[in-house]
Amino acid sequence: MNTDLTEIRGHVVVVMAPMGSGKGTIIKSALEEYPTVYETVSCTSRAVRPGEVDGVQYHFLSLEAFDKKIEDGEFLEWAEFAGHKYGTLKSEILPKLAEKQVVIVEIELQGVEQLLELLPREHMTITYIEAGGWEVLRARAEARAPMGEEEMSARHDRFLIEQKAKPIADVVIDNSNDLESAYSEFKTVIEDAFKKCK
Ligand code: 5GP
């Protein structure tokens with residue numbers, strides 16, 4: 001397996017977004033339209049949510065198994081977020097980058113800060129997808145499923161943390177009311193990333 005950081009010929013498209021921004025829909029469309037684009041599958045110590053499948057959305061690990069991988073130096077980056085650990089395995093991303101591929105990584109701010117230290121800046125485009133302010137996200141979440149005050153307050157705290165990522169983005173995509181135009185902006189990011197592979 002090639003895990004040499006000097007062998008990077010592909011391009012990393014980082015996607016950051018608050019929960020409920022619609023990033024999942026945008027990424028899914030891009031993966032369908034560009035079959036050579038790869039989205040990394042992260043590891044997490046959090047519990048599986050309904051509808052999630054091990055190895056698809058995440059590799060779901062026990063905290064002990066996660067910590068062992070940290071110890072063994074298997075992660076390119078990892079972070080603790082909302083009480084759980086999340087990380088990108090070197091084996092998930094580096095071989096793809098060595099093979100000139102465009103790779104989407106959907107991670108939070110602390111992870112992006114680590115990637116900024118590790119990868120040459122010209123090999124990485126940071127995007128932030130936003131969907132309006134808290135009131136819009138709150139209304140969307142309530143429309144989807146009824147939620148208690150406590151859960152809504154936890155979501156609000158999380159929104160405030162996630163929003164801090166916006167200033168480091170190279171590209172900010174507005175997905176508050178026009179999914180088609182948001183997707184078209186994301187396509188431009190992907191097509192520019194193809195041009196930057198060498
Ligand atoms: P969720 O639990 O809602 O799936 O994800 C929580 C947060 O963890 C999201 O902001 C997501 O982007 C982030 N995340 C997912 N995978 C990784 C990863 O491998 N590394 C880091 N640093 N963050 C991740």
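What follows is a short exchange on the sheet, the helices, the cores and the loops.

Modeller: This is a predicted model, with residues numbered from 1 along each chain as its sequence is written. Local features need pLDDT of at least 70, side-chain atom pairs count only at pLDDT 80 or more, totals for chains, interfaces and linings use all residues, and side-chain values use heavy atoms, with hydrogens and water left out.

Colleague: What is the strand order of the open sheet?

Modeller: Helices (H or I, at least four residues) and strands (E, at least two) are DSSP runs, numbered from the N terminus. Two strands pair if DSSP finds at least two bridges between them. The open sheet has five strands with parallel pairing. The order is β2-β7-β1-β8-β9.

Colleague: Which are the edge strands?

Modeller: An edge strand here pairs on one side only. The two are β2 (38-39) and β9 (171-174).

Colleague: In β7, which residue is the bridge partner of Val13?

Modeller: β1 and β7 run parallel and pair over five bridges. On the other pairing, β2 and β7 are joined by two bridges, with Tyr38 partnered by Val103. For Val13 the partner in β7 is Ile104.

Colleague: How many residues of β7 are buried?

Modeller: Buried means under 20% relative accessible area, exposed over 50%, and partly exposed in between (1.4 Å probe, protein chains only). β7 is mostly covered. Of its five residues, the buried count is four.

Colleague: Which residues have the most contacts inside the largest nonpolar core?

Modeller: A nonpolar core is a set of buried Ala, Val, Leu, Ile, Met, Phe, Trp, Tyr and Cys residues joined through side-chain atoms within 4.5 Å. The largest one has 20 residues. At least two residues come from each of β1 (11-16), α3 (90-98), β7 (102-106), α4 (109-118) and β8 (124-130). The residues with the most contacts inside this core are Val12, Val14, Ile93, Val105, Leu115 and Met124.

Colleague: Beyond its neighbours within four places in sequence, what is Val14 in contact with?

Modeller: Contact means heavy atoms within 4.5 Å. With those neighbours set aside, Val14 touches Val105, Ile107, Val112, Leu115, Met124, Thr125, Ile126 and Thr127.

Colleague: Why do the buried residues of α4 line one face of the helix?

Modeller: These residues are Leu109, Gly111, Val112 and Leu115. Their cover includes β1, β5 (75-81), β7 and β8. The arc is taken from the directions from the helix axis to the C-beta atoms. The buried residues of α4 line one face because, seen down the axis, they fall within an arc of 155°.

Colleague: How many disulfides are there?

Modeller: A disulfide is a pair of cysteine sulfur atoms within 2.5 Å. Cys43 is buried at 1% relative accessible area, and Cys197 is buried at 14%. The disulfide count is zero.

Colleague: Is Ala82 buried or exposed?

Modeller: Ala82 sits in the loop between β5 and β6 (84-89). Its phi is positive, near 50°, in a residue other than glycine. Most residues other than glycine have a negative phi. With a relative accessible area of 58%, Ala82 is exposed.

Colleague: What is the relative accessibility of Lys100?

Modeller: Lys100 lies in the loop between α3 and β7. Lys100 is not a glycine, yet has a positive phi of about 70°. Lys100 counts as partly exposed, at 41%.
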